[in-house]
Amino acid sequence: MASTAAEIAALALALAGWVLVSSTLPTDYWKVSSIDGSVITTATFWANLWKTCVTDSTGVSNCKDFPSMLALDGYIQACRGLMIAAVSLGFFGSIFGLVGMKCTKVGGSDQTKAKIACLAGLIFILSGLCSMTGCSLYANRITSEFFDPTFIAQKYELGAALFIGWAGSSLCIIGGSIFCFSIAENNRTPRMGYTYKGATSVISSRTKAHSSTADFKLHKDSPRHFDKSAYV
């Protein structure tokens, strides 16, 4: 019962992390920068893995998609690949997790389901590592440019998408770890052994009952032999 509850909690955490990781791909604010005027913010610059935009004080945004994938910086291409890999791995991990849980009726025997659950845990851990690596690589580029005194272009700060990605990665790793530890708990749980004594048919039970009744009557109705001195 405890292992089933642990598997349900692991799947819930891993699915929540996978949803958060998936939501970071279309999120706008991977990095953000603003130009402040004397009274209000005059412009806000922000970018993600697909485009860069600027929003003025009236709320009008002008965006520009990256012109060519081959002309992109290497870290953006790496982040794209890692995030897409994380989403894909999380999808397959959720399927294997549902099949490997004890409360489902698919997947075969308990040993097979435990192996499938462990595989789902490893996939979720790998998904979380891919997402965390992609977000950390992007954040490292932002911080290195921000603290570089020789960098004269527009400097950005960490956006909300990076924090969402880190949170989702952590949940995926925690859920996957619980899945992997659940198979160890299943191996430590002792199994109750029962000795099979064979099925007793109705005919054999009736025969035994009839023979025991006949023996009892024979023993009861057997004549008694007395000695001669008993009649005296």
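1. Being four residues apart in helix 3 (110-146), Glu145 and Arg141 are separated by about one helical turn, where helices (H or I, at least four residues) and strands (E, at least two) are DSSP runs numbered from the N terminus. Their side chains meet in a salt bridge, at 2.9 Å from N to O, the term standing for a side-chain nitrogen of Lys or Arg within 4 Å of a carboxyl oxygen of Asp or Glu. The structure holds one salt bridge. Glu145 counts as buried because its relative accessibility is 16%, whereas Arg141, at 31%, counts as partly exposed; buried means under 20% relative accessible area, exposed over 50%, and partly exposed in between, with a 1.4 Å probe and protein chains only.

2. A word on the basis of these values: this is a predicted model, in which local features need pLDDT of at least 70 and side-chain atom pairs count only at pLDDT 80 or more, while totals for chains, interfaces and linings use all residues. Residues are numbered from 1 along each chain as its sequence is written, and side-chain values use heavy atoms, with hydrogens and water left out.

3. For the overall layout, the chain has five helices and five strands, which run α-β-β-β-β-α-α-β-α-α from the N terminus on. Of its 232 residues, 30% count as buried.

4. The largest nonpolar core has 21 residues, and those with the most contacts inside it are Trp30, Leu49, Met83, Tyr138 and Leu162; such a core is a set of buried Ala, Val, Leu, Ile, Met, Phe, Trp, Tyr and Cys residues joined through side-chain atoms within 4.5 Å. Helix 1 (2-24), helix 2 (74-100), helix 3 (110-146) and helix 4 (160-188) each supply at least two residues of this core, and helix 2 gives the most, with six residues. Apart from this core lies another, of seven residues, among them Met101, Ala117, Phe124 and Phe179.

5. Leaving aside residues up to four places away in sequence, Leu49 touches Leu25, Trp30, Phe66, Ile76, Cys79, Arg80, Met83 and Tyr138, a contact being heavy atoms within 4.5 Å. The C-alpha atoms of Leu49 and Asp28, which are 21 residues apart along the chain, are separated by 8.4 Å.

6. Met83, with its neighbours within four places in sequence set aside, is in contact with Val21, Thr24, Leu25, Trp30, Leu49, Ser131 and Cys135.
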